[in-house]
Amino acid sequence: MTTHGGFEPVFCTIVPPHVLDKLSQAEDPALAGPARRTLQRDAFERTQRRLTTVLGATAVASLADGKPQRTVHDARHGTDLPGHKVRGEGDKPGKDATVNRAYAGLGATFELLLTAYQRDSIDGNGLPLDATVHYDRDYNNAFWNGEQMVFGDGDGEIFLDFTIPIDVIGHELVHGVTQYTANLTYFGQPGALNESVSDVFGALIKQYTLGQTAAEADWLIGAGLLAPRVTGVALRSMKEPGTAYDDDVLGKDPQPATMDDFVRTGRDNGGVHINSGIPNHAFYLAATALGGHAWERAGQVWYDVLTGGELKEQAMFTDFATLTVKAARERFGDGEELDAVSKAWEQVGVRTL
């Protein structure tokens with residue numbers, strides 16, 4: 001992609017730095033080693049992203065025809081991107097389950113965006129969707145680098161294959177949607193909103209794929225990613241932030257559910273993966289109050305705000321909340337949608353103007 005038009009892509013990972021920091025301090029080298037190497041690799045990729053942003057990246061041709069253009073590559077446990085092409089659009093599934101899951105996840109994300117919101121790929125103009133699997137060795141993360149998706153295989157001790165949860169794939173790709181729309185700054189409250197938007201639509205992609213209503217969904221981000229030895233169910237919970245894991249190695253999930261427990265920190269870009277629990281919980285409350293399929297009403301309101309042009313790059317929680325109330329009224333009138341959205345923000349302690 002290019003960085004013209006004001007877009008400033010950032011390096012976004014699914015596993016927060018504070019989780020890997022904790023894991024890197026484990027006494028068992030089998031646990032600490034992969035975490036340290038992952039942190040080092042993430043730091044390198046983050047630097048590369050900044051350099052690409054400054055210098056400009058290669059333009060990618062888009063074709064807005066309402067059909068996905070997926071390509072999956074295999075890094076073969078190296079770090080050169082994109083790697084070796086192993087599956088293109090329309091190719092039949094192969095024997096590698098990781099490749100097949102990545103391909104399906106790209107397609108599921110494309111389908112929800114197109115079907116629910118009439119958006120043709122993440123840029124709205126048919127941008128090709130590229131992914132690389134089997135990245136590095138024991139790499140405990142997945143990321144969007146501003147141009148493509150990348151998946152590690154995990155270390156098998158704490159994290160499993162990062163293509164297993166479809167919401168992880170959706171989460172990272174939606175960072176691309178944000179990049180092409182509101183372009184929320186990746187620090188502090190705007191960064192937490194950036195992360196939350198990805199969690200919201202990652203959850204909706206999973207629910208859409210499974211045909212679940214808001215009441216049927218688990219509202220977990222990364223369920224199935226943690227290895228059996230870990231005391232936990234996922235990376236994050238939108239239903240009950242702070243309860244996704246409580247493990248002797250990983251520590252306890254630090255996410256707050258309300259502004260009463262807002263975390264002030266300079267780490268993790270000002271706590272972007274931590275305080276995202278607050279807007280996450282607000283979406284959960286709004287979606288479950290409305291019932292039915294969450295992508296149809298609550299999701300539509302969030303999408304309208306993300307793409308409507310009024311959300312500023314430096315938006316705070318109050319700014320975002322205020323715009324969701326406005327969007328709910330404009331799209332649905334003074335009905336239950338407006339009431340559900342307004343009450344959700346009130347419940348998490350975020351005021352609207």
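Predicted model: local features only at pLDDT ≥ 70, side-chain atom pairs only at ≥ 80, totals over all residues.
**Exercise 1. Determine the order of the strands in the open sheet and identify its edge strands.**

Solution. Begin with the sheet as a whole: six strands form an open sheet in the order E1-E5-E6-E4-E2-E3. The pairing within this sheet is mixed. Next, consider which strands pair on one side only; these are E1 (12-13) and E3 (84-88), and they are the edge strands.

**Exercise 2. Describe how strand E1 is joined to strand E5.**

Solution. Strand E5 comprises residues 142-144, and two bridges join E1 to E5. The two strands run antiparallel. For a specific pair of residues, take threonine 13, whose bridge partner in E5 is phenylalanine 143.

**Exercise 3. Characterise strand E4 by its covering and by its pairing with E2 and E6.**

Solution. Strand E4 spans residues 129-133, of which four of the five are buried, so that the strand is mostly covered, buried here meaning under 20% relative accessible area.

Second, examine the pairing with E2. Strand E2 (residues 70-74) runs parallel to E4, and five bridges join the two. Among the residues involved, threonine 71 has aspartate 130 of E4 as its bridge partner.

Third, examine the pairing with E6. Strand E6 (residues 149-151) pairs with E4 in the parallel sense over two bridges. Here alanine 131 stands opposite methionine 149 of E6.

As background to these steps, strands of a sheet pair through backbone hydrogen bonds, either parallel or antiparallel.

**Exercise 4. Classify the packing of helices H5 and H8, and state the composition of their contact.**

Solution. Start with the geometry. Helix H5 covers residues 188-210 and helix H8 residues 298-307; their axes are 11 Å apart and the packing angle is about 140°.

Then apply the cut-offs. Angles under 35 degrees count as roughly parallel, over 145 as roughly antiparallel, and 65 to 115 as roughly perpendicular, with the rest oblique. H5 and H8 are therefore oblique to each other. Their crossing is left-handed.

Finally, inspect the residues that meet. H5 contributes Val197, Val200, Phe201 and Leu204, while H8 contributes Gly299, Trp302, Tyr303 and Leu306. By class, the residues of this contact divide into seven nonpolar, one polar and no charged.

Terms used
Residues numbered from 1 in each chain as written. Heavy atoms only, no water. Buried < 20%, exposed > 50% of the residue type's maximum accessible area, 1.4 Å probe, protein only. Pairing = 2+ DSSP bridges. Axes fitted to C-alpha atoms, helices over the stretch in contact; angles between N-to-C directions. Left-handed = near helix turned anticlockwise from the far one by under 90°. Contact = heavy atoms within 4.5 Å. Nonpolar A, V, L, I, M, F, W, Y, C, P; charged D, E, K, R; others polar.
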